[in-house]
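The following questions and answers are intended for a reader who has the sequence and the model at hand. Please consult both while working through them.

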Amino acid sequence: MPENLLLIVVFLPLIGSLFVAASHNDADGTSRNATAVSVWVICCNILLILRLFSSLDIDLNSLQMISQMSWSVAPGGILSFGTDVLSLMIILSIHIALLMGIFGLKDVTGNQKGILFLNLLFLTTTTGFFMAADLFTFYMFFVLMIVPLFMEIGLCSGAGKKTASRFFLYNALGTLLLLMPVAAIYAMQNVVIYIENISDIRLPDNSGVFIWSGMFLAFILRLPVWPFHYWISSVNTVLKNPLVFTGVNLMPISGLYGFIRFWPAVLPEEIAALVPVFEILCVMTMLYLAFSGYSSAGLRDKLFSYIFIYYLLYLLGVFSPTDVLKQNIAYSLFAFLLVASGMIMIVFHVDKESEKLQNSANGILCLQPKAAFSYALLILAGVGFPVSALFWNNFIIVSEILNANVCIGTIAVFTMLLAAVFLLQNLYDLRDKSCLLQGQEKIYDIDNLRFAAGTIVMMVLFLSFIKPLWFVY
Amino acid sequence: MEEVLGILGMVSLMVGMVAVSIQRIWGGFSTKDYFLTARATVIVSVACSLLFKGDALGVSYLATNSQTLWIYVFTSGIVYIWLSLSLKWFVTKDLPSCLFCFLALVGLLSCRVLSSTENLMIMFASLAVLMLINFLFLYLSQQTEELHNISSRYGLSALLFIMLAGAALYILSPAGWNLARAAEISSGFGLLESYVVIAGFLFVFIFALAVAPLHFWFADATAPAVLPVAAYFSLVPVLPLWTAFIKLHHQFLQPLMHNIDDLYILFGILSILAGAIGANTSRNLRRIFAGSGIFHFGVMMLALAVLPDEALFSGAKYIQIYLLTMTGIYTVFYSFKSRGDYLYNLNMVGGFAKVRPFVAGTMLFFMASLVGLAPLPGFYGIWSALKSFADVRCYGLMAAMLGCLMFLIPAFLQVVRAVCFSPRKDNFDRTENNIYVYLVLITAFMLLLICQPRFLHIL
């Protein structure tokens, strides 16, 4: 039964997307039907995921509930799905993040139905990716997830149409780089290869470097590490749709997840020797992001910098020579994604309303008490105040990084501090009443739904701080 | 009796040709009548071929087996769709369609003979007929100076390669025309004679298949030609030509020249490069997809070089999936119409997705399959080719193929941007119902292939 549930969780959004495609727009051009279908599908899936948690042995450190689908093209003739605490936590947080992205759509005009249709397709492919149990299924969903997002970016980016192409090209390069090692591995062993058993494969001497380099580059292209960062920064600057922005900012998790699954287990010495170089690249990128976030005036730019500093922190955690961090990364990532998506939802609203102001956005939160409350709590949780799961788990991750390399760890802590400073400074500016001028247009606060969503997220974060898996019954 | 019944499929095509000619002589028939006769002929021919299978005219001339039969059914299906879609062009332009339908039936007959023959003379006669039809289509549809020049260039080049093949046939002499014995007889030739024989047979096919370095005519001819002619070049003769070439390679070229694989690799790499570069240098939709075609033909050449003998014919599946996808793409092209004219440039189709979302969606689906996106059918071909290269540790070939695929993707992204993301620039004509029907059928067939790839085994 749980095995079937796994497949339902993967394919329910796909079925939902067909309903969204078939739904009619309202007379005023809005897509209330499509929105309702999307929200219901995601909520149902969240409930099913919580049900899956109850069937999971949380102490077992391997993929469980392995479910198989027959597909003759796949090596071994099957596609396998499975899950563990790490993947289920990520899937749950992605569902909640996209749900909040949909709530944020209220301020956006344009082809909402198309975006919601593609968003559910994206959710199917992402869920499939994180539940993939074998290498071939992993590769298939790794490729598939870029297509709906590319279309979403293209539909919303307006004049910046090349942004969508850039996004696709960078990610397509990553998928082709992954395809080479996958084909090479299956040419050696034409059987089902479970991703957790990948270290058991005996590779000929000269193949190891080729295979692991391909995989490494494929995953790193999904992450904003210099010099592979350009696609993500260019996409984030043009997007004005919170749902698509959330989707784009979820993409790097696929690269991170690839590293978590493959990295610690096996590495030929030639690649392992390069780890310090990549660590240096990571911290340099973190530093760059922290300073650019600090100097930037735009709300979204600061948010972008904050999100990617934390992604790179998790990547450093994966690079650290220990396997014990996996669980902490899962808990921290869950809390982090909730915080980030809540912030995206509010920032996009504030950003849109601030266009009505004659000068800067400073002081705008004085006119938006609900947004101010939610945003303040989310920032406090996001910068590491001990009110959420982010605090404890990041503490452990950072201490492991410091333990492995003091210099790298110190720079990482410094960038986190800088991120905290620019977020708190931004909060202060937005609440600075002295900057408000009289005679402005009416500024709207966030609606009750978004306020409720923000409050629920805070409650979830607080409960996760007390017990990470409090929802498992 | 069985032999006579076995050729009923071909005889019905000849009867169809005669019927079209009689319609022309008697007069009073409309454009639609010619097309109706031609399509009915195709259906009758396929029905006869399916009902009365068996060796036709003995194994030494035309051998029908389940593979050649399937290739004929597949090609006939494409011809049927192509004829149905092309009718509108003739009706709109109010042009006589008798010769067009007649040539279509001759082309189909040549394809049937080409894919099932076991005799080199018959193979090259049917190949020459196919080249003649290509030339006639170009020559008769010439509306511009450019097309006139292209048809002349094509005619002269085709003549040169046919003469080269003729010389090879002459050297072989009738005793060596039987494909099964040709390699054995040729092995006794001197070095010069052997090279002439190999070059004669190889280059005429390389030219007809549009494999680099003899690919130039394919994009040049499809881009400016009228849509029905461009569709013919891209869809109809491709599969029979590849089937015949695989047979020639397996039974004759490879046994005669063991290191011919190196030549294939060279041609293959040139093709994938030329295809990817060619697709990116144009804003003409047909030229972009012609470039994609050359790329796929290059992959096919690379696969022929590394596939083991027993898996050679599985390479034909790659071409079948490619053709199925291209049939879908050309069906979409028939819906790119404004004020009665078919649109062929990316600037003209801006915002098409906003008015015809279903058609644009299917086009995206077909393009995703062409670039080998998993799990779409196009991926099976790319995956098989990559695994074949990996089997023999040709990592360089893998990298070259994927690198060129990466170069091809921007060309397709141009198309997506124009069709889906650009603002609407023109009013598009109503899409005919038969276009929707064919798109639904092709998409359903491809979805069936995704869900049940075992279905590919009958391909």
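Q: Is Phe100(B) buried or exposed?
A: In this predicted model, Phe100(B) belongs to helix H5 of chain B. A residue counts as buried if 20 or more other C-beta atoms lie within 10 Å of its own. Phe100(B) has 26 other C-beta atoms within 10 Å, and its class is therefore buried.

Q: What is the C-alpha to C-alpha distance between Phe100(B) and Gly176(B)?
A: In sequence, Phe100(B) and Gly176(B) are 76 residues apart. In space, their C-alpha to C-alpha separation is 36 Å.

Q: How many Å lie between Lys32(B) and Ala390(B), C-alpha to C-alpha?
A: Along the sequence, Lys32(B) and Ala390(B) are 358 residues apart. The C-alpha to C-alpha distance between Lys32(B) and Ala390(B) is 52 Å.

Q: Are H2(A) and H3(A) roughly parallel or antiparallel to each other?
A: Helix H2 (residues 32-54) and helix H3 (residues 85-103) of chain A have axes that come within 10 Å and cross at roughly 160 degrees. Angles over 145 degrees count as roughly antiparallel. The crossing of H2(A) and H3(A) is also left-handed. The relation of H2(A) to H3(A) is therefore roughly antiparallel.

Q: Why is H12(B) classed as roughly antiparallel to H15(B)?
A: Angles over 145 degrees count as roughly antiparallel. Helix H12 (residues 238-256) and helix H15 (residues 315-333) of chain B have axes 10 Å apart. The angle at which H12(B) and H15(B) pack makes them roughly antiparallel. That angle is about 170 degrees.

Q: Which residues of H15(B) make the contact with H12(B)?
A: The residues of the contact of H12(B) with H15(B) divide into 7 nonpolar, 3 polar and no charged. On the H12(B) side, the contact is made by Val238(B), Leu239(B), Trp242(B), Thr243(B) and Ile246(B). On the H15(B) side, it is made by Gly315(B), Ala316(B), Ile319(B), Gln320(B) and Leu323(B).

Q: Which element gives the largest share of the side of chain A that touches chain B?
A: In the contact between the two chains, 25 residues of chain A meet 24 residues of chain B. The elements giving two or more residues to the chain A side are helix H5 (135-144), helix H6 (146-156) and helix H7 (161-188) of chain A. By class, that side has 21 nonpolar, 3 polar and 1 charged residues. The largest share, 14 residues, comes from H7(A).

Q: How many residues does domain 2 of chain B give to the contact with domain 1 of chain B?
A: Chain B is divided into domain 1 (1-116) and domain 2 (119-209), and their C-alpha centres lie 23 Å apart. The contact takes 9 residues from domain 1 of chain B, and from domain 2 of chain B the number is 12.

Q: Where is Pro213(B) found?
A: Pro213(B) is joined to Ala212(B) by a cis peptide bond, with omega about 15 degrees. Pro213(B) is found in the loop between helix H9 (191-209) and helix H10 (216-222) of chain B.

Q: Is Met65(A) buried or exposed?
A: Met65(A) lies in strand E1 (residues 64-70) of chain A. Its phi is positive, about 55 degrees, although Met65(A) is not a glycine. With 21 C-beta neighbours inside 10 Å, Met65(A) is therefore classed as buried.

How values were computed. Residues numbered from 1 in each chain as written. Chains lettered and ligands numbered in written order. Predicted model: local features only at pLDDT ≥ 70, side-chain atom pairs only at ≥ 80, totals over all residues. Axes fitted to C-alpha atoms, helices over the stretch in contact; angles between N-to-C directions. Helix = DSSP H or I, 4+ residues; strand = E, 2+ residues; numbered from the N terminus. Parallel < 35°, antiparallel > 145°, perpendicular 65-115°, else oblique. Left-handed = near helix turned anticlockwise from the far one by under 90°. Domains from an automatic or database assignment. Contact = placed C-beta atoms within 7 Å. Buried ≥ 20, exposed ≤ 12 C-beta atoms within 10 Å, placed from the backbone. Nonpolar A, V, L, I, M, F, W, Y, C, P; charged D, E, K, R; others polar.
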